[in-house]
Amino acid sequence: MTSEPTTTVGPSPLAPGQPAPNDHDTMAGVTSPTTRRPPARRALVVDDEEPLARLVAGYLERDGFEVHVAFDGQAALELARTVDPDVVVLDLGLPGIDGIDVCRELRTFSDCYVVMLTARADEVDTLIGLAVGADDYMAKPFGPRELTARIGVMLRRPRHTVALDGPHRATGERAPVAWEFGQLTIDVVGREVHLDGAPVALTRTEFDVLAALARRPHAAFSRRALIDAVWGENWVGDEHLVDVHVLHVRQKLGDTPETQRFVRTVRGIGYRMGSGG
């Protein structure tokens with residue numbers, strides 16, 4: 001890992017008669033005795049490297065999160081169903097059920113944000129080729145402060161980041177509540193997408209990327225422009241993350257590199273919305 005201040009993260013000593021935590025180690029966010037305000041967000045940290053998991057959990061707790069920790073995929077899924085986290089920090093190389101399968105299963109019952117951790121840089125390429133539904137990824141080693149900063153930006157992102165239901169900044173015209181591109185319908189109020197009348201299950205970030213393109217269908221977006229529209233101007237990281245989400249959107253819409261009905265590649269620039277034809 002990158003150099004960080006020496007930090008010991010772990011449960012506080014047990015008071016006499018206090019029950020010990022279970023193996024899945026629910027680490028509730030510490031509430032100041034003076035404020036007694038409950039944590040605003042819930043985070044689930046999943047990594048079989050216990051010291052790393054506890055280190056990340058400690059940083060998130062200091063940011064005000066209620067943090068839960070699991071050290072394998074099965075425990076992670078059980079906790080996710082119980083605590084309904086807002087964000088999951090998920091290691092790719094878990095024993096038993098690996099991170100990819102955990103993410104796939106998680107997406108069947110949760111739309112939480114998922115940050116995937118990878119042990120090797122080439123595993124990022126694996127993520128690009130698999131529509132697992134992660135919102136962001138970081139390669140190990142990484143700095144916990146960078147991770148928590150990314151999570152903070154992600155969770156501060158309003159669900160209508162691209163001003164879907166407000167007036168266009170340039171024209172002042174009010175945006176429609178839904179867009180149609182051939183057989184594709186994007187409902188910006190209900191945050192639903194239908195193709196040929198059937199619902200398309202997109203993650204939060206996938207929807208935001210598609211909606212950003214649909215909001216200005218004749219504009220070509222660079223990776224940086226899409227990041228500014230969806231993640232915010234203060235986001236820092238690998239801009240190729242955009243390619244991951246565009247790939248996922250295309251796969252779910254049945255798009256191919258040959259047809260590009262809904263999301264088109266603009267050579268040398270980035271992406272734009274297709275007509276659906």
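In this predicted model, strand 8 (residues 184-187) and strand 9 (residues 192-195) are joined by four bridges and run antiparallel. Within this pair, Thr185 lies opposite His194 of strand 9. The two strands belong to an open sheet of four strands, ordered 7-8-9-10, in which the pairing is antiparallel. Strand 7 (178-181) and strand 10 (198-199) form the edges of this sheet, each pairing on one side only.

Parallel pairing is found around strand 5 (residues 113-118). Strand 4 (residues 87-91) runs parallel to strand 5 and is connected to it by five bridges. Asp91 has Leu117 of strand 5 as its bridge partner. Strand 5 also pairs with strand 6 (residues 136-139), again in the parallel sense, through four bridges. In this second pairing, Thr118 is placed opposite Ala139 of strand 6.

Strand 5 is largely enclosed by the rest of the structure, because six of its six residues are buried.

Together with helix 3 (residues 99-106), they make up a β-α-β unit of right-handed sense. In helix 3, the buried residues are Gly99, Ile100, Val102, Cys103 and Leu106. Viewed down the helix axis, the buried residues of helix 3 fall within an arc of 160°, so they line one face of the helix. An α-helix has 3.6 residues a turn, so residues three or four places apart point the same way.

The loop between helix 3 and strand 5 contains Asp111. Asp111 has a relative accessibility of 44% and therefore counts as partly exposed. The C-alpha atoms of Asp111 and Gly133 are 9.2 Å apart in space, while the two residues are separated by 22 residues in sequence.

A one-sided arrangement of buried residues is also found in helix 7 (residues 223-230), where Leu226, Ile227, Ala229 and Val230 are buried. Down the axis of helix 7, these buried residues fall within an arc of 165°, so they line one face of the helix. The elements against which the buried residues of helix 7 pack are helix 6 (204-215), strand 11 (221-222), helix 8 and strand 13 (270-273). After helix 7 comes Gly232, which has a positive phi, near 105°.

A polar atom of the Gln260 side chain lies 2.8 Å from the backbone nitrogen of Thr265. With neighbours within four places in sequence left aside, the residues in contact with Gln260 are Arg250, Asp255 and Thr265.

Methods: Residues numbered from 1 in each chain as written. Predicted model: local features only at pLDDT ≥ 70, side-chain atom pairs only at ≥ 80, totals over all residues. Heavy atoms only, no water. Buried < 20%, exposed > 50% of the residue type's maximum accessible area, 1.4 Å probe, protein only. Pairing = 2+ DSSP bridges. Right-handed = clockwise from strand over helix to strand, strands pointing away. Polar contact = N/O pair within 3.5 Å; in protein donor to acceptor, adjacent residues only side chain to side chain. Contact = heavy atoms within 4.5 Å. Arc of directions from axis to C-beta.
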